[in-house]
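Let's take a walk through this model, one piece at a time. Keep the viewer open and follow along.

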Amino acid sequence: MKRIVAIELEQMRTKLSGYVGIFNYNLLNLCVEAEAVALLSVKVMTEEGEKNMEDVAKVAVDKKYHFIIDPIYDDELQPIAKGIMKVHPEFKQEVKTWEGYDESDPAGKYIYCTMPEVNKDRRDVMNNAVDVLYNKCKADMEAANAKATAKIATHMAGSSDSEIETVKNLREKNVQQFEEMRERLHTDKLKEIEDAYQEYLTKQVEQHQVDQEREEAEGNPTSMRLNSAD
């Protein structure tokens, strides 16, 4: 294989890998479950200047939909909360106290972030966002493949049929590898959104049953109220 052809193939592979990587990063920032990657872009303003989250706090995922963010220095708790708010205003933030600490002790405080529930409106918005990101990634990959194909064809002029076929198969194999990665990421994210939506619906049904049982126990069942309304 000509060296210049090998270089073109490697450059194409790097571009495809980069586009899939960006797609994955963007999907992780469409937070359904708590993903630590989503906090990488958070900047925290401290007395020493702007810092990354990993420099000012320890982060852990709790029960799939929650972050525990433990400040290294207690006076940076509020700056951390503000930094998160700027990047992910959809997160619900609570300041909690570690067990064994008095509530008045700043050193015992941490931030507890909860991902928003996926109701119907949020499911629709997130599905649309995923598709937009997917289409952008697909278009970029197709453009990179087309550009590489044209350049390689020029460099392969005068080569034997077997050499041309070998390079074609290698290029297509590389493209297929990253296309499969892209498709898997797309499918998995849509499933993650749908699973969270189904969890939301289940909770709604369970809460309705609890409310109905409570009303019946109080002698004011939902059915009676509905009948009286009629």
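**A loop residue, then the sheet and helices**

Leaving aside residues up to four places away in sequence, Ser159 touches Lys2 and Ile164, where contact means heavy atoms within 4.5 Å. Ser159 sits in the loop between α4 and α5. Helices (H or I, at least four residues) and strands (E, at least two) are DSSP runs, numbered from the N terminus. With a relative accessibility of 15%, Ser159 counts as buried; that label means under 20% relative accessible area, while exposed means over 50% and partly exposed is in between (1.4 Å probe, protein chains only).

A quick word on the ground rules. This is a predicted model, in which local features need pLDDT of at least 70 and side-chain atom pairs count only at pLDDT 80 or more, while totals for chains, interfaces and linings use all residues. Residues are numbered from 1 along each chain as its sequence is written, and side-chain values use heavy atoms, with hydrogens and water left out.

Now for the sheet. Four strands make an open sheet in the order β3-β4-β6-β5, with antiparallel pairing; two strands pair if DSSP finds at least two bridges between them. β3 and β5 stand at the edges with a single partner strand each, so one side of each has no neighbour in the sheet. From one strand to the next, the twist averages 25 degrees. Axes here are lines fitted to C-alpha atoms, for helices over the stretch in contact, and angles run from 0 to 180 degrees between N-to-C directions. Between β5 and β6 there are six bridges in the antiparallel sense, and Glu94 stands opposite Tyr112 in β6. Helix α3 packs on this sheet, touching β3, β4, β5 and β6, and its direction makes about 15 degrees with that of β6.

Which residues of α3 are buried? In this helix (residues 77-87), they are Leu77, Ile80, Ala81, Gly83 and Ile84. Looking down the axis of α3, these buried residues fall within an arc of 160 degrees, so they line one face of the helix; the arc is that of the directions from the helix axis to the C-beta atoms. The general rule is that an α-helix has 3.6 residues a turn, so residues three or four places apart point the same way. Lys82 and Lys86, on the other side of α3, are exposed. The cover over the buried residues of α3 includes β1 (43-46), α2 (53-56), β3 (57-62), β4 (66-71), β5 (92-97) and β6 (109-114).

At 17% relative accessibility, His66 counts as buried. Its side chain makes a polar contact with the side chain of Thr114 (3.0 Å). A polar contact is a pair of N or O atoms within 3.5 Å; within protein, one must be able to donate a hydrogen and the other to accept it, and residues adjacent in sequence count only if both atoms are side-chain atoms. Residues that His66 touches, not counting those up to four places away in sequence, include Ala34, Ala60, Tyr112 and Thr114.

Lys63 counts as exposed at 67% relative accessibility, whereas Lys64, at 37%, counts as partly exposed.

Finally, go to α4 (residues 120-155). At 1.5 Å a residue, its 36 residues should span 52 Å, and its end C-alpha atoms are 52 Å apart, which agrees; the expected span is 1.5 Å times one less than the number of residues. At the start of α4, a side-chain oxygen of Asn119 reaches to within 3.3 Å of the backbone nitrogen of Asp121. Buried residues of α4 include Arg123, Met126, Tyr134, Met141 and Ile152. What do the buried residues of α4 pack against? Their partners are α1 (3-29) and α5 (161-217).
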